[in-house]
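Let's take a walk through a protein chain together. Have a look at the picture first, and then we will go through it step by step.

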Amino acid sequence: MKGWAALRASAIMLGPSLVLDGMVAASVLAASAAAWEQGRRSGRPIWKLAAGGALIPWVYRLFLRSRMQRLGATRQEELQSLPGDELIPLRGALELTHAITLRARPEDVWPWLAQIGGGERGGFYSYDWLERLVGLPVHSAERILPEYQQPKPGDPIIPDEQWRVLRVDSGRAFVLGNEDLTWAFVVQPLDTDNTRLLVRIRVSPRQAGPFGSSLITLPHLIMQRKMMEGLRRRSERTARQREAGGAVMPEMARPSSERPSAPGV
């Protein structure tokens with residue numbers, strides 16, 4: 001069963017990239033074959049159209065993919081050294097840096113970062129159904145969980161997995177992962193009411209392999225973008241509550257819809 005679960009998880013996480021790369025290869029072969037056959041039969045310059053069609057997927061590979069690797073981030077932010085970078089050397093590693101501006105203060109954002117994780121933790125604020133489909137016990141909370149507001153290195157992020165909290169700079173940086181992957185969330189104030197959230201994933205050469213960029217970029221982009229939007233919605237709601245003078249209510253007990261199922265249920 002564990003083998004089947006691992007195979008299912010790999011198919012879900014890597015499937016979109018494999019399909020896209022397969023389409024790239026198929027388009028090149030089909031276009032080349034069409035150009036050859038039509039040119040042989042009619043002598044018309046159909047190869048120009050075929051060549052144009054074959055170039056479209058490569059535009060994605062050569063130009064769009066690099067932009068996907070730094071979604072929302074400026075070139076300066078992409079090159080900026082962030083907490084967690086010291087854990088995996090950049091040489092040979094796969095690195096993706098994403099960023100988003102939040103209409104909230106760092107203190108509005110931090111509680112949502114501090115509780116990230118599976119099981120009883122606050123979830124990943126992304127597509128929970130996809131997380132659960134690959135076997136992760138994830139339920140994204142809509143409230144702040146007071147029992148997870150003091151993370152420390154070594155705390156487990158996902159039950160029965162190797163993911164741990166790797167580094168905590170309280171109020172500024174939250175880094176999780178394992179020996180082959182780091183996932184850093186860095187809060188940077190822009191002014192008195194706005195915050196920049198930088199998110200960087202770095203994968204070791206051993207884990208990424210020669211095809212890491214092709215396989216990891218697209219699924220990570222899909223999940224990461226949803227997660228950042230989830231963090232923005234929650235953080236800005238907290239900021240509005242603070243500005244209105246209302247208390248930010250921590251979650252003392254989760255609604256039944258958010259509670260992880262008991263084992264065997």
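Two strands count as paired if DSSP finds at least two bridges between them. With that in mind, look for the open sheet in this predicted model: five strands with antiparallel pairing lie in the order 1-5-4-3-2. At the edges you will find strand 1 (94-102) and strand 2 (164-169), each of which pairs on one side only. From one strand to the next, the twist averages 15°.

Strand 1 runs antiparallel to strand 5 (residues 195-203), and nine bridges join the pair. For a landmark, find threonine 101, which stands opposite arginine 196 in strand 5.

Which helix packs on the sheet? Helix 4 does, touching strand 1, strand 2, strand 3 (173-178), strand 4 (181-189) and strand 5. The direction of helix 4 makes about 160° with that of strand 4.

Now zoom in on aspartate 108, a residue of helix 4. Is aspartate 108 buried or exposed? Its relative accessibility is 3%, so it counts as buried, the cut-off for buried being under 20%. Leaving aside residues up to four places away in sequence, aspartate 108 touches Ser235, Thr238, Ala239 and Arg242. With one of these, arginine 242, it makes a polar contact from side chain to side chain, at 2.8 Å.

Step back to see the whole chain. There are seven helices and five strands, and reading along the sequence gives the pattern α-α-α-β-α-α-β-β-β-β-α-α. Of the 265 residues, 43% are buried. The chain exposes about 14800 Å², with carbon and sulfur atoms supplying 60% of that area. Take the contacts between residues at least 6 apart in sequence: 66% of them join residues at least 24 apart.

Finally, how confident is the predictor? The average pLDDT of the chain is 78, and 63% of the residues score at least 70. Confidence is highest in helix 4 (residues 106-114), with a mean of 97, and lowest in helix 1 (residues 2-42), with a mean of 55. Over residues 5-14 the pLDDT is below 50, and this stretch has 13 contacts in the model beyond near neighbours in sequence. Residues 251-265 also have a pLDDT below 50, and there the model shows 28 contacts beyond near neighbours in sequence.

Definitions and conventions
Residues numbered from 1 in each chain as written. Predicted model: local features only at pLDDT ≥ 70, side-chain atom pairs only at ≥ 80, totals over all residues. Heavy atoms only, no water. pLDDT = per-residue confidence, 0-100. Helix = DSSP H or I, 4+ residues; strand = E, 2+ residues; numbered from the N terminus. Contact = heavy atoms within 4.5 Å. Buried < 20%, exposed > 50% of the residue type's maximum accessible area, 1.4 Å probe, protein only. Polar contact = N/O pair within 3.5 Å; in protein donor to acceptor, adjacent residues only side chain to side chain. Axes fitted to C-alpha atoms, helices over the stretch in contact; angles between N-to-C directions. Areas by Shrake-Rupley, 256 points an atom, 1.4 Å probe, with all protein chains shown as cover.
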